[in-house]
Amino acid sequence: MLFSLTNVPTIFLMNDVFRPYLRIFVLVFFDDILAYSSSWKALETMLLVLQKKSLYVKYSKCLFVVHKIDYLGHTFFVGGVHTEKENPKRKS
């Protein structure tokens, strides 16, 4: 597999499973799933999709009902999304 990514099938699987919901209320990066919505219906839909495909989440890695989360260089919060500010130690 390209770049020695051993979980590439997982990437394709998750993107295929969540295709109708990507960037509406779900983001997928490798095997990380971020569901964002002010509605419980979105979370229910995501969990039902996983159940239908016989896929499971690891509860110890789950966060529910958070108002702010940092994810892949972005901060998601109730008012929207912001990119992280540049780290002063990482100047180009």
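Strands here are DSSP runs of E with at least two residues, and helices are runs of H or I with at least four, both numbered from the N terminus. A pocket, on a 1 Å grid over the protein atoms alone, is an open set of points where a 1.4 Å probe fits, with protein on both sides within 12 Å along at least five of seven lines; its lining residues have an atom within 4 Å of a point. This is a predicted model, where local features need pLDDT of at least 70 and side-chain atom pairs count only at pLDDT 80 or more, while totals for chains, interfaces and linings use all residues. Numbering runs from 1 along each chain as its sequence is written, and side-chain values use heavy atoms, with hydrogens and water left out.

At least two residues each come from several elements, among them α1 (8-17), α2 (40-52) and β2 (32-35). By class, the lining splits into 26 nonpolar (Ala, Val, Leu, Ile, Met, Phe, Trp, Tyr, Cys, Pro), five charged (Asp, Glu, Lys, Arg) and six polar residues (the others, Gly included).

Next comes the second largest pocket, with about 170 Å³ of space. Here β1 gives the most to the lining, four residues, and β1 (26-29) and β4 each supply at least two. Among the lining residues are N15, R23, F29, Y71 and H74. The class count is eight nonpolar, two polar and one charged.

Conventions. Grid points are joined across faces, edges and corners, and a volume is the space filled by probe spheres set on the points.
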